[in-house]
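Please open the model in a viewer and keep the selection panel at hand.

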Amino acid sequence: MQKLLLLGDEAIAQGAIDSGLSGVYAYPGTPSTEIMEYIQVSKESKSLNIRAMWSANEKTAMESALGMSYAGKRALVCMKHVGLNVAADAFVNSAITGANGGLVVVAADDPSMHSSQNEQDSRFYAKFSFIPILEPTNQQEAYDMIRYGFDLSEKMRIPVMLRITTRLAHSRSGVIRKEVRHQNELKLPGNLRQFVLLPAIARKQYRELLAKQSELQKLSGESGFNYYQPGTDTKLGIVACGLAFNYLMENFTESPLPYPLLKIGQYPVPDDLVKKIYDDCDEILVMEDGYPIFEEQLKGILNLGKPIHGRLDGTLPRDGELTPNIVAQALGIEFQVGKEIPGFLKNRPPRLCDGCSHNDAFLALNEAILSYGKGRVFSDIGCYTLSALEPLESINSCVDMGASITMAIGAADAGLVPAVAAIGDSTFTHSGITGLLDAVNNNSPITILILDNSTTGMTGGQTSSAYGKVEDICRGVGVKEEHIRIIKPLRKNHEENILIMQEELAYQGVSVIIPRRECIQTLNRRMRQQAKIKSLEII
Amino acid sequence: MKKNIILAGVGGQGILSIAACIGLAAIEEGLFLKQAEVHGMSQRGGAVQSHLRLSSTEIASDLIPEGKADIIISIEPMESLRYLPMLSPDGLIITSINPFVNINNYPDLELILQEIWKQPKYFTLDADAMAKECGSVKAANMIILGAASPYLGLKPQSIENAIRTLFKNKGEEMIELNLKAKNAGLKYVTENS
Ligand code: SF4
């Protein structure tokens, strides 16, 4: 079959297309964004009529996918780890409704927080919800696991999580394709009450979900994604989950691995495999590219059995991504590192692009707010979060999607008046609208900047659900017309923009200021495309 | 055959085109390949790097172990030094000498170059000037690729084919420009080694 050079994300996307996918639902978030993007531009996906559009947030994405599964077709939902917090209500309950058409939820974790505010491990969510997990070690496995995941979901009538991390999501390698499979026909669930979680029904289905666990464990032992490999040196047994397996093997390219190994790629992990390595070895080392979830389970609170090493006892670092060197160190393997970084080298943190509209908006805000003093600007998640750093140093919070408006409400309630919220257009429709409704109902003395760059900038310029709708939404939610102010953040409008901001800061109610100017990156891209179209016309 | 390559630069400078060329060439030669990229926040003008691994046998880790990189290929002089801990003791640095200054405490360029020249093996190229001579400063990354090309363990023809494939949609003129830049980089290292 054809061999493609794909990112982990793209392998998942291609795997889903080839496995009879009918629809993908997602909100952009690093490192998961490229899955949807790949399906959107894929010619095959278009000819197969696969539904591929961005959702307003991860919860709406998860629910739409559940609806497609209800109707009997295969659906994929993709999000970054913190997106799963937003989708959690739907995700946890989807285990109890169960699936009809195959339903796979991709959760892309970000250990070491390359592009995130935390490094939570999505496997916790799946365990908590009794949802099986697939954790690929490489791009080929990611491709293969998607198909297996759909099959498992349909066989066991349960959603399946595919958990990846940044390293796999954004690493490229060769992937061999399988034959393309047809989509499912429309087919309602056999029991039309399956998705009605009234307590009486939910109780019954929850017991069924619990009963499925032993079968799920058995299947984990048969899939080939988990296996036990004996070794010659039984002083130590190694449990390697997901990518940890690669870092382990990297240290044994010249000589064979002497230790017994339990490789884990599917959960729930079969008890008999765990018992085998535990019985065979004197001590166990657990390696997980994420939280020490399996390690904690194996160890128990008191660790009354054999010594269990890993992140909890400091054999591996407690936080951050694993690397080949970290694993070598844990195993006492010597390695030679290169020279130190010269002391005069300076960090080069990310920054707003030259000409970015956010820059002009915050320069104006910095001046407008001067008389009230610093420390009152609550912000959100997007490129504009970079305005916390030098030289702007404009904002004082970044917690979760949408928290700017609601934190400003609370701070104003406490007496910090005026309080300011700064949120992007896409983040606003993701999770800001309900907060704005609270503010209106509360008549909070807050000024909200909805930084409208007409795109989802941070993740590379995906279509924003807010496009062309921001002021209508504000009106609809009940913000007074005269306190919805649209400004153009440009240097030449600087003085005028400061005045408008000052007027609204003085107002003792909800005001919304919309600094509107397109993201430079998407603007440039559009211009280039237009130029191309023009030159084609001339030919 | 086994090559560990670190590609370095600043977000938006085009290190991924270099990576894509090497990747395409490696695939054409039937090699195994792993290439870890940086996407997301750092792409906004931050320091970015890519780990590129080529091998005739299967590769385990997406990340190169510290001290195991054979080459650092950089389109920015300061960035070439950021990955010194990754470089093997007899590793090679190939870098542009054209600084990308987007921080206000950028160190003295002379200091940076002195440090590079202290390393056992290096090539420092004025890639911007060379690219301009070829027709466009935008082809600076291909100058650097050309300079690195004899050290990648790949056939010259596969690299040329890769450039043709990568710029296929941009027209014959772009292909020629990029090939010319690649050849200029190659010529520089052949004459100066
Ligand atoms: S990508 Fe767009 S929104 Fe983000 S910093 Fe650059 S110009 Fe600003």
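Which residues surround the ligand? Select the ligand and display its shell: A:L352, A:C353, A:C356, A:H358, A:C383, A:N453, A:C519, A:I520, A:Q521 and B:R44. A residue belongs to this shell if one of its heavy atoms lies within 4 Å of the ligand. The ligand lies between chains A and B. Coloured by class, the shell has six nonpolar, three polar and one charged residues; Ala, Val, Leu, Ile, Met, Phe, Trp, Tyr, Cys and Pro count as nonpolar, Asp, Glu, Lys and Arg as charged, and the others, Gly among them, as polar.

A note on conventions is in order. This is a predicted model, in which local features need pLDDT of at least 70 and side-chain atom pairs count only at pLDDT 80 or more, whereas totals for chains, interfaces and linings use all residues. Residues are numbered from 1 along each chain as its sequence is written, chains are lettered from A and ligands numbered from 1 in the order in which they are written, and side-chain values use heavy atoms, with hydrogens and water left out.

Next, select the interface of the two chains. Chain B contributes 45 residues and chain A 47 residues to the contact (heavy atoms within 4.5 Å). Together the chains bury about 4,000 Å², 56% of it on carbon and sulfur atoms; buried area is the accessible area (1.4 Å probe) lost by two parts on being put together, summed over both.

Four salt bridges are counted between chain B and chain A, each a side-chain nitrogen of Lys or Arg within 4 Å of a carboxyl oxygen of Asp or Glu. To see a salt bridge, centre on A:E250 and B:R53, whose side chains meet at 2.8 Å, N to O. On the side of chain B that touches chain A, the residues divide into 22 nonpolar, twelve polar and eleven charged.

Then show strands, which are DSSP runs of E with at least two residues, numbered from the N terminus. Strand β8 (residues 171–176) of chain A pairs with β2(B) in the antiparallel sense over three bridges; pairing requires at least two DSSP bridges. Within β2(B), B:K34 is the bridge partner of A:S173.

Finally, select the open sheet of chain A, where five strands follow the order β9-β11-β10-β13-β14 with mixed pairing. β9 (227–229) and β14 (308–309) of chain A stand at the edges with a single partner strand each, so one side of each is left without a neighbour in the sheet. Strand β13 (residues 283–287) of chain A runs parallel to β14(A), joined by two bridges; A:L285 has A:H309 as its bridge partner there.

Notes
Helices (H or I, at least four residues) and strands (E, at least two) are DSSP runs, numbered from the N terminus.
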